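Hello,

Please find the structure below. My notes on what turned up in it follow.

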Amino acid sequence: MIHYLNFGNMSNIETNKIVSYINTDTYGEDFKNTLLTILNEIKEPLVCFVQNPEFIMADFDESKVESCLIEDPSMFSFSLNLNKHANFSKKYESPMKLVPLSETEDIVKWDWHLHYFSFGDPFILNGGVYITKDIKRLISKCDGEDLMDFENELQKFHTFPKNVMACFKEPIIQIKNT
């Protein structure tokens, strides 16, 4: 089961999901403590960070994400933002290409150590699903006043020994067209 950490005011996460809300007023010096307190209270094996209020999340089978992350010891993260057909990184403003390690009917895995841009960045927290104890341990070694600071700080773990990421072949999170 996935626990969703919702940063901001978003009502587009299904009510049958386990969600903790982090008020943006807690950003600042207490942000790390607030975040770690919530992560320490999470009993679910997986946590997903969501922060963009302008997204639509499609229905998906959480058990596929869970089995992917829990059963494969080389797995580090599962991205709900990326998909097999993503070919441009908005964060890095550059074209990108995915070279899969393996594929199933609806999931693709790749070695993020061998990729650049978004496919080489397992620390994009918005839409990232992680094993709770792994990401908690890494965040405890970071500093920052908001989620973006922590996302940037996590880059220092770019040699993290778990080198496989995964995503669904089709998009799960899409930004609303306004």
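The buried residues of H3 (132-139) pack against H1, S3, S5, S10 and H4. Those buried residues are Thr132, Asp134, Ile135, Leu138 and Ile139. Seen down the axis of H3, they fall within an arc of 165°, so they line one face of the helix. H3 lies across S3, S5 (75-79) and S10 (128-131), and runs at about 95° to S10.

Some ground rules. This is a predicted model, in which local features need pLDDT of at least 70 and side-chain atom pairs count only at pLDDT 80 or more, while totals for chains, interfaces and linings use all residues. Residues are numbered from 1 along each chain as its sequence is written, and side-chain values use heavy atoms, with hydrogens and water left out.

The terms used above:
- Buried means under 20% relative accessible area, exposed over 50%, and partly exposed in between (1.4 Å probe, protein chains only).
- Contact, touching or packing means heavy atoms within 4.5 Å.
- Helices (H or I, at least four residues) and strands (E, at least two) are DSSP runs, numbered from the N terminus.
- Axes are lines fitted to C-alpha atoms, for helices over the stretch in contact; angles run from 0 to 180 degrees between N-to-C directions.
- The arc is that of the directions from the helix axis to the C-beta atoms.

H2 (residues 62-71) comes next. Its buried residues are Glu62, Val65, Cys68 and Leu69. Down the H2 axis they fall within an arc of 130°, so they too line one face of the helix. They pack against S1, S3, S5, S9, S10 and S11.

Now the cores. A nonpolar core is a set of buried Ala, Val, Leu, Ile, Met, Phe, Trp, Tyr and Cys residues joined through side-chain atoms within 4.5 Å. The largest has 33 residues. Leu5, Leu35, Phe49, Ile135, Ile139 and Leu154 have the most contacts inside it. S1 (2-7), H1 (31-41), S3 (46-50), S9 (107-111), H3, H4 (147-153) and S11 (164-168) each supply at least two of its residues. H1 gives the most, with five. Another core, of 21 residues, lies apart from it; Cys48, Met57, Cys68 and Val164 are among its members.

Leu154 touches Phe123, Leu125, Ile135, Leu138, Ile139 and Cys142, leaving aside residues up to four places away in sequence.

The sheet is open, with eight strands and mixed pairing. Its order is S2-S1-S3-S10-S5-S11-S9-S8. S2 (18-22) and S8 (102-103) stand at the edges with a single partner strand each, so one side of each has no neighbour in the sheet. S9 and S11 pair in the antiparallel sense over five bridges (two strands pair if DSSP finds at least two bridges between them). Lys109 stands opposite Ala166 in S11.

Two residues deserve a look. His3 lies in S1 and is buried, at 7% relative accessible area. Its side chain makes a polar contact with that of Glu44, at 2.9 Å. A polar contact is a pair of N or O atoms within 3.5 Å; within protein, one must be able to donate a hydrogen and the other to accept it, and residues adjacent in sequence count only if both atoms are side-chain atoms.

Glu170 sits in the loop between S11 and S12 (173-175). Glu170 is partly exposed, at 48% relative accessibility. A 3.2 Å polar contact joins its side chain to that of His85.

Best wishes
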